[in-house]
Amino acid sequence: MGTMLSPEILAVLERQAIEVPSWAYGNSGTRFKVYGTDGTPRDPFEKIADAAEVNRLTGLAPSVALHIPWDKVDDFGALRTYANDLGIELGTINSNTFQDDDYKFGALTHEDPSVRRKAIDHHLECVDVMDATGSRDLKIWLAEGSNYPGQADMRGRQDRLAESLAQIYARLSGDQRLMLEYKFFEPSFYHTDVPDWGTSYAQVAALGDRAKVCLDTGHHAPGTNIEFIVMQLQRLGKLGSFDFNSRFYADDDLIVGAADPFQLFRIMFEVIRGGGLDADTEIAFMLDQCHNVENKIQGQIRSVLNVQEMTARALLVDHDALVAAQRSGDVLAANAVFMDAFYTDVRGDLAQWRESRGLPADPEAAFRASDYQSRIEAERVGGVQAGWGA
Ligand code: LRH
Ligand code: MN
Ligand code: MN
């Protein structure tokens with residue numbers, strides 16, 4: 001049987017890597033209820049074991065992101081060895097300044113120098129962790145802002161943020177990088193200190209080459225043209241990483257490609273257009289998701305496969321035909337070329353290709369057929385289940 005996936009397309013898919021978040025394997029929920037589930041990891045080692053299973057079945061997820069202090073262990077070298085033995089790496093280190101009473105009115109932006117010091121020191125500790133884990137990226141998302149007009153001096157906070165970030169950036173060494181993630185609202189509802197890509201860009205541009213923007217797909221107002229932001233940040237050399245997920249209403253953290261597969265296709269098209277899947281890409285592709293009601297490992301498998309599928313479709317866009325239609329001003333022909341690729345079903349071809357590489361044709365079915373879930377349900381009895389925030 002022939003395949004639509006040319007050797008050039010397969011070469012890109014072959015090197016595609018999507019980092020999974022440790023917190024996806026823990027319990028999560030909403031402010032109304034967090035459901036406990038049998039087999040949930042009780043510590044970072046068990047989360048890594050689950051992440052390794054996703055990679056074993058898909059060949060797509062060779063690293064796992066950690067969140068500090070959620071994934072704090074005594075010996076990060078031992079955690080790294082454990083991950084390596086299971087065939088994966090420890091990836092991005094996420095800082096956390098959103099669960100401490102001292103940060104009620106800010107962390108890196110706080111008026112009080114002693115609170116800022118504490119928040120900066122937390123980030124320096126995260127870089128120590130990176131040194132031990134071999135991680136390249138420090139990802140900073142700040143829950144800072146205000147709820148009422150007049151509550152905060154927005155300008156002063158922006159200046160303090162710049163000073164704090166400069167101190168953290170100065171601690172990086174080698175190829176380590178700083179990623180600044182933006183989010184338009186929540187937990188603050190009036191103003192947020194890093195609400196948009198422009199603010200993140202302005203802050204990281206002031207730091208230097210090794211500071212870039214992290215784009216979380218769930219962090220924009222409804223209707224935002226996210227692929228335009230992807231294009232612009234790549235054009236400026238400042239797109240450092242993605243947090244992939246999908247959303248219907250707010251920061252839902254649902255499975256990427258579930259709410260709007262066409263948006264994921266459009267994003268991957270711009271990534272490819274900007275060279276973001278070239279062999280020397282510096283963009284980190286990560287998931288930032290939670291699985292509140294579905295099986296977590298299967299949810300992660302579905303997620304990385306969704307990214308692979310939309311990447312394959314985006315690679316199918318007939319570039320020459322598209323450019324010709326664009327240049328001749330043929331609006332509908334250009335749109336048709338684009339949509340033809342989007343509507344192409346590549347699932348059969350991808351399944352065949354997976355099998356040719358010794359992977360299961362259907363990784364989700366392979367997981368269901370395996371005894372992994374029943375084994376962890378039997379083994380992980382007792383202790384405290386990990387959750388979003390532990
Ligand atoms: C904030 C966020 C950020 C955090 C993660 C748990 O909404 O997207 O990336 O680190 O969720
Ligand atoms: Mn995120
Ligand atoms: Mn988020």
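Around ligand 1 sit Asn 94, Trp 141, Glu 181, Lys 183, Asp 216, Asp 243, Asp 251 and Asp 288; a residue is near a molecule if its C-beta atom, placed from the backbone, lies within 6 Å of it. That shell divides into one nonpolar, one polar and six charged residues. Here Ala, Val, Leu, Ile, Met, Phe, Trp, Tyr, Cys and Pro count as nonpolar, Asp, Glu, Lys and Arg as charged, and the others, Gly among them, as polar.

Some bookkeeping. This is a predicted model, where local features need pLDDT of at least 70 and side-chain atom pairs count only at pLDDT 80 or more, while totals for chains, interfaces and linings use all residues. Residues are numbered from 1 along each chain as its sequence is written, and chains are lettered from A and ligands numbered from 1 in the order in which they are written.

Now the fold. The protein chain has 14 helices and 10 strands, taken as DSSP runs numbered from the N terminus (helices H or I, at least four residues; strands E, at least two). The radius of gyration is 21 Å, close to the 21 Å from the globule rule for 390 residues, so the chain is as compact as a globular protein of that length. That radius is over C-alpha atoms, and the rule is 2.2 Å times the number of residues to the power 0.38.

Eight strands make an open, parallel sheet, ordered β1-β2-β3-β4-β6-β8-β9-β10; strands pair if DSSP finds at least two bridges between them. At the edges are β1 (20-21) and β10 (284-287), each pairing on one side only. Four bridges join β8 (residues 211-216) to β9 (residues 239-244).
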